[in-house]
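Here is a short briefing on helix packing, nonpolar cores and strand pairing. Keep the structure open while reading.

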Amino acid sequence: MKVLITGGAGFIGSHLADALVSKGASVRAFDNLDPQIHENQSGPPDYMNPDVEFIRGDILDAEALENALDGVDVVVHYAAAVGVGQSMYEIAHYTRVNALGAATLLDILVKGKRKLKKLIVASSMSIYGEGLYVDSAGKPVSFTKRPALQLEKGDFAVRSPETGEELRAVATPETKPLAPPSIYAIGKRDHEEMFLSVGRAYDVPTVALRYFNAFGPRQALSNPYTGVTAIFGGRLLNGKPPVIYEDGTQSRDFIHVSDIVGATLTAIDNPAADYEVFNVGLGRGISIKEVAEVMIRELGIEGKVAPEITGQFRRGDIKHCFADTTKIRERIGFTPALTFEEGARELIKWMRT
């Protein structure tokens with residue numbers, strides 16, 4: 001099996017490449033080495049598996065991409081401009097790279113009549129906006145965003161628009177209506193729809209994976225839009241407290257990169273995944289304050305530093321979103337192997353180097 005990973009020199013792509021090589025696959029990584037992630041590297045990063053064929057190229061360069069697709073059986077599409085906040089002030093750039101990049105890849109596949117064994121596209125939990133909530137009677141409540149006036153008063157709860165009661169967050173299933181709150185999230189929703197539409201039309205087995213908050217070794221520490229775990233770890237290793245917005249009770253679903261890879265391999269191998277969308281998360285909401293506390297504990301610096309909870313807020317931030325993993329577990333048999341605490345321990349060990 002020959003696999004092309006677009007964005008293959010990145011955080012998740014490089015880990016997936018390692019796993020595929022260990023399974024005996026022939027792997028080709030196509031990546032433009034964006035300086036925001038790769039710090040002006042001229043060649044593949046040191047962590048790149050030497051058995052992976054590396055091609056430096058841009059996802060918008062149709063000729064380079066067509067060459068990279070030569071002889072490929074499986075394509076995993078990771079190449080994208082990343083960063084939710086940044087997407088809101090570099091709108092044209094994010095739309096061009098993400099939407100047109102996906103279109104360029106699909107155009108080549110269709111016009112070249114390439115019959116792939118599998119096409120995987122990386123989606124994101126960000127397309128949900130807020131996760132799923134229920135009221136005191138357990139009834140699901142449609143919710144989009146918290147009013148700025150409420151946040152300015154220091155009230156960070158999610159409240160019913162009708163009654164004002166505080167709503168309870170529950171696991172978010174794939175069936176929840178999408179409400180992408182950023183240009184990045186809109187692009188990821190479009191990725192899903194574009195790939196699945198083309199896959200069905202041309203009988204190319206296609207799977208969209210909605211990754212939740214991935215973390216682990218090789219995260220781009222120089223990138224201000226990297227994950228909160230890497231940001232907190234970097235501050236703590238430099239003797240600085242983690243800075244937390246709102247009241248710290250907002251929660252996310254953190255899944256270790258090794259489990260992201262496990263889910264992706266399962267989707268490649270299992271035909272029951274074809275033409276489906278799956279949440280890829282731990283299935284547990286972890287508060288941002290708890291993330292900081294776990295990392296402080298794993299570093300052994302309790303009592304020396306504490307999270308700095310600012311009470312400030314960022315417009316557009318969501319309160320809670322964590323995955324309902326029922327579908328991926330029951331349909332294709334995937335269950336994450338690492339707890340957040342185990343993954344945090346590994347991340348910190350790597351960051352010390």
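In which sense, parallel or antiparallel, do strand β9 and β14 pair, and over how many bridges? The model is predicted. In it, β9 (residues 206-211) and β14 pair in the parallel sense, over five bridges.

**Strands**
- Strand β14 spans residues 276-280.
- Val207 has Glu276 in β14 as its bridge partner.

**Helix pair α4 and α6**
- Helix α4 covers residues 91-111, and helix α6 covers residues 183-201.
- Their axes come within 10 Å and cross at roughly 10°.
- Angles under 35 degrees count as roughly parallel, and α4 and α6 are therefore roughly parallel to each other.
- On the α4 side, the contact residues are Ile91, Tyr94, Thr95, Asn98, Ala99, Ala102, Ala103, Leu105, Leu106 and Val110.
- On the α6 side, they are Ile183, Tyr184, His191, Met194, Phe195 and Val198.
- By type, the residues of this contact are 13 nonpolar, three polar and no charged.

**Nonpolar cores**
- The largest nonpolar core holds 39 residues.
- Ile5 and Val76 have the most contacts inside that core.
- Neighbours within four places in sequence aside, Val76 touches Val3, Leu4, Ile5, Thr6, Leu16, Ile120 and Ile268.
- Another core, of 27 residues, lies apart from the largest one.
- Among the residues of this other core are Leu69, Val121, Leu196 and Ala208.

Definitions and conventions. Residues are numbered from 1 along each chain as its sequence is written. This is a predicted model: local features need pLDDT of at least 70, side-chain atom pairs count only at pLDDT 80 or more; totals for chains, interfaces and linings use all residues. Side-chain values use heavy atoms; hydrogens and water are left out. Axes are lines fitted to C-alpha atoms, for helices over the stretch in contact, and angles run from 0 to 180 degrees between N-to-C directions. Helices (H or I, at least four residues) and strands (E, at least two) are DSSP runs, numbered from the N terminus. Angles under 35 degrees count as roughly parallel, over 145 as roughly antiparallel, 65 to 115 as roughly perpendicular and the rest as oblique. Contact means heavy atoms within 4.5 Å. Ala, Val, Leu, Ile, Met, Phe, Trp, Tyr, Cys and Pro count as nonpolar, Asp, Glu, Lys and Arg as charged, and the others, Gly among them, as polar. A nonpolar core is a set of buried Ala, Val, Leu, Ile, Met, Phe, Trp, Tyr and Cys residues joined through side-chain atoms within 4.5 Å. Buried means under 20% relative accessible area, exposed over 50%, partly exposed in between (1.4 Å probe, protein chains only). Two strands pair if DSSP finds at least two bridges between them.
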